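Good morning, and thank you for making time on the agenda.

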Amino acid sequence: MSDAGDHHYTSTGLPSWKIGFWTFIASECLFFGTLISTYMVYRTSSVQGPFPHEVLNIPLTSISTFVLLMSSLAMVLALDGVTRGNRKLAMGWLAAVVVLGLVFLGFQAYEFTHFVHEGLTIQRNLFGSSFFVLTGFHGVHVSVGVIWLTTLLILSARGKLPPEKALSVEIAGLYWHFVDIVWIAIFTLIYLIQ
Amino acid sequence: MSVATPAPHPTGVWSWITTVDHKRIGIMYFVTSIFFLFVGGLEALIIRAQLWKPEQALISAETYSQLFTMHGTTMVFMVVMPMAVAFFNYIVPLQIGARDVAFPRLNALSYWLYLLGSLYMNVSWLWGMAPNAGWTGYANLTSTQFSPGQNVNFWVIGLSILGISSILGGVNFITTIVNLRAPGMKLMHMPLFTWMTLVTSFILVTAMPVIAVALVLLAFDRFFAATFFVPTAGGDPVFWQHLFWIFGHPEVYVLILPSFGVISDVIPAFSRKPLFGYPVVVYAGVLIGFIGWGVWSHHMFASGLGPIADSFFLASTMIIAIPTGVKIFNWLATMWGGSLRLTTAMLFAVGMIAVFTVGGLSGIMHASAPVDLQQHDTYFVVAHLHYVIVGGAMMGLFSGFYYWFPKVTGRMADEGLGKIHFWLAMIGFNLTFFPMHMSGMYGMPRRTWTYAAALNVDIYNQLSTVGGVIFGVSALVWVWVMLKGVRSGAPASPNPWEAPTLEWSIPSPPAHYNCPALPRVRHRDPLWREEDRAAIEAVTLSVPEVEPEMPNSSFWPIVVAAGTSATWMLVMTGRWWAPLIGLAFTAFGVFAWAFEDPFRKKS
């Protein structure tokens, strides 16, 4: 996975991958920031229901939020396992992240189907449009993370994830934590403050 | 001291398709942007022909709408931006003493996305369905109700692909400049062009996601019947304007800052004087990058945001003129008392200062909300924006072209022809756009396919059309300069202009690995300090016994670019599962990319 940047001297002493990825995350902040703003701008604009307070289920989403938060803890422990060269630990915690990520996606799938059942769709009103596009894009990010971490899990199982490759797990971790933090913002602004 | 001869490098079409060399990618960006310059230029000339006489019907109103939409979109996203990126690519690694950019394959991906997105949007011409809602794509003109055809779809999808390309490019150049500077080179040692590339990249990385979201919302409205910009469902068309201009105004600085960077390097080189007030020019550029985020609503004075919003954006817009003015004075002070050499590059740099100042001044005029209400949607604004983008951005890029031509090709451009190009461009440009101030003042509306004879603006339009033809001819002369220079220009030495910055310490053209070993930089203008120059050239002009290891060429960037573009294009089918095919293709490319070792030895 190395590119020219890793191969030579760097000015900051940090691997280019890390700087590049942080820059990309800055870009993603603006992306989600704009999507969240869209939701906030249109919060009270829908001309017909269902309205947020009628369908949003705070207790249920609290559980899925907790699941996603715990996955970040598992991610930290997975990186620790890889860095220490403890393959069992690394595999166990990577698997945990993947499973927790999938559970979160399961909750989201249930939520989406339930909402559609209640009559809330992308076409129905502005709440539906902005809610589905925002949480949908977040869900896509979680899915990408799940695929990424599954790949790392398989690599680890094949013994191809030695401590020298910890950077690739760290970067995946950066991504995963970012997606997690975005969810905290979404949960707070969309679910808790209605 | 022996001058290194560049090592042989594979040639042939395949080697260009799979290249990850920043210099080749730079050349591809440049050539592609010139192609689209002629496409956009042709569109402009057809517009000018239609406006030759009042109440003329050379082309239909619908065709006219498509022409001005595509002219604007092409010139901004397919010409000025990528041409600047061509210079970023070729010049920045050389200026900081790097072997390549931080992510060479990502760089290739950016280029292929640019090419595919641009071609895709232009393919719409074949069906006569080119985008027709203006380059700003204002809601709800773009709704399925008012634009039922495929036209706007081409725009949404093409622009999305171009946006991805820009974000990835921004990430790459920030990382390159932050992390791959030669040992000893501090940020405040960097040439101004590298500095402005850094600022521009930050703007790209942060502004592009905003337009990306706007385009996503519009795409959902159009393809999946969402209601983001549908007023009857509570959607707010003005919200589109906000999103577009929150991106759009920083974008203006994406267009102009590279040009500021170019001439901040060119003027000292041809004045034989270090840049006057280097730190101030740097800070002014950074400040422009920041304040550029706080002025967007001056594009919306006519939208009725109210006096408080208008006053705020009026003030911030006037404030941003200050750092820009500071730069102009720094350039003038650099020339003051210098021993000037009026080469073509220098002429374009000086010309840029002159015409850009005109555009800046008219900009301050409509920074004032009441004045702007008079000028809004008239040719006065068209005059202003062309003075800024053509006079400011393009003239600076022309200057950069003549400055760096010997470095890239190893040959000198014909200075005589270059000066003909300069004068034709200057005369043509001013003749085209200056009269538009007048026609605008007399009330001629922009984006309207013809005008009433009673307006009495025929003469200004005819001057503009004649000027447009002269400007077009100057572009042909430019191409002639390129072809002649490449084929039969006099061989160029490593530093034909006796310029001070690092890119002039290596052979012209550079070897594919740029420098045999990394030079040590201790000063802002290293080649103008004798002991520094000797130490650096001892490294950069030597012939290495073992060539530095460079990344292999790769097929995967073009695969991923094709997959990403296909994903977006298949959205147009309106079937939710269709993009998944493109997505699968992209995923395949991404995995192959991730598991490819760029430094694997070829057996």
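In this predicted model, helix 4 of chain B passes helix 5 of chain B in a left-handed crossing. The angle between helix 4 and helix 5 of chain B is about 165°, and their axes lie 8 Å apart. An angle over 145 degrees counts as roughly antiparallel, and helix 4 and helix 5 of chain B are therefore roughly antiparallel to each other. On the helix 4 side of chain B, the residues that meet helix 5 include B:Leu106, B:Leu109, B:Leu113, B:Gly117 and B:Met121. On the helix 5 side, they include B:Phe154, B:Ile157, B:Ile161, B:Leu168 and B:Asn172. By class, this contact between helix 4 and helix 5 of chain B has 14 nonpolar and eight polar residues, with no charged residues.

Let me turn to a second pair in chain B. Helix 2, residues 22–50, packs against helix 3, residues 61–95, at an angle of about 155°, with the axes 7 Å apart. That angle makes helix 2 of chain B roughly antiparallel to helix 3 of chain B. The crossing of helix 2 and helix 3 of chain B is left-handed. Their contact comprises 22 nonpolar, nine polar and two charged residues.

Is B:Lys23, in this part of chain B, buried or exposed? B:Lys23 lies in helix 2 of chain B, and it counts as buried because it has 22 C-beta neighbours inside 10 Å. Setting aside residues up to four places away in sequence, B:Lys23 touches B:Tyr90 and B:Pro510. The C-alpha atoms of B:Lys23 and B:Val408 are separated by 8.2 Å, although the two residues are 385 residues apart along the chain.

Now to chain A. Its secondary structure comes to seven helices and zero strands. The C-alpha trace of chain A spans about 60 × 35 × 25 Å along its principal axes. Of the 194 residues in chain A, 40% are buried. Among contacts in chain A with a separation of 6 or more, 79% are between residues 24 or more positions apart.

Helix 2, residues 16–41, and helix 7, residues 166–192, pack at an angle of about 15°, with their axes 11 Å apart. That makes helix 2 of chain A roughly parallel to helix 7 of chain A. The crossing of helix 2 and helix 7 of chain A is right-handed. Among the residues that meet here are A:Trp17, A:Phe21, A:Ile25 and A:Phe32 in helix 2 of chain A, and A:Leu167, A:Ile171, A:Leu174 and A:Phe178 in helix 7 of chain A. The contact of helix 2 with helix 7 of chain A has 16 nonpolar, no polar and two charged residues.

How do the two chains meet? In this model, 39 residues of chain B are in contact with 34 residues of chain A. Helix 4, helix 5, helix 6 (192–224) and helix 7 (237–271) of chain B each supply at least two residues of the side of chain B that touches chain A. Helix 6 of chain B gives the most to that side, with 10 residues. By class, the side of chain B that touches chain A has 29 nonpolar, six polar and four charged residues.

The largest nonpolar core has 238 residues, and those with the most contacts inside it are A:Ala78, A:Val97, B:Val80, B:Ala214 and B:Val266. Helix 6 of chain B gives the most to this core, with 23 residues. Leaving aside neighbours within four places in sequence, B:Ala214 is in contact with B:Trp240, B:Leu243 and B:Phe244.

I shall finish with the backbone. Most residues other than glycine have a negative phi, and most peptide bonds are trans. A cis peptide bond joins A:Gly49 and A:Pro50, with omega about 0°, and A:Pro50 is in the loop between helix 2 and helix 3 of chain A. Another cis peptide bond joins B:Ser508 and B:Pro509, with omega about -10°; B:Pro509 lies in the loop between helix 14 and helix 15 of chain B. B:Glu55 is not a glycine, yet has a positive phi of about 50°. B:Glu55 is in the loop between helix 2 and helix 3 of chain B and is exposed, with 9 other C-beta atoms within 10 Å. Phi of B:Arg447 is also positive, near 60°. B:Arg447 sits in the loop between helix 13 and helix 14 of chain B and is partly exposed, with 14 other C-beta atoms within 10 Å.

How values were computed
Residues are numbered from 1 along each chain as its sequence is written. Chains are lettered from A and ligands numbered from 1 in the order in which they are written. This is a predicted model: local features need pLDDT of at least 70, side-chain atom pairs count only at pLDDT 80 or more; totals for chains, interfaces and linings use all residues. Two residues are in contact if their C-beta atoms, placed from the backbone, lie within 7 Å. Helices (H or I, at least four residues) and strands (E, at least two) are DSSP runs, numbered from the N terminus. Ala, Val, Leu, Ile, Met, Phe, Trp, Tyr, Cys and Pro count as nonpolar, Asp, Glu, Lys and Arg as charged, and the others, Gly among them, as polar. Axes are lines fitted to C-alpha atoms, for helices over the stretch in contact, and angles run from 0 to 180 degrees between N-to-C directions. Angles under 35 degrees count as roughly parallel, over 145 as roughly antiparallel, 65 to 115 as roughly perpendicular and the rest as oblique. A crossing is left-handed if the near helix is turned anticlockwise from the far one by less than a right angle, and right-handed if clockwise. A residue is buried if 20 or more other C-beta atoms lie within 10 Å of its own, exposed if 12 or fewer, and partly exposed in between; C-beta atoms are placed from the backbone. A nonpolar core is a set of buried Ala, Val, Leu, Ile, Met, Phe, Trp, Tyr and Cys residues joined through C-beta atoms within 7 Å.
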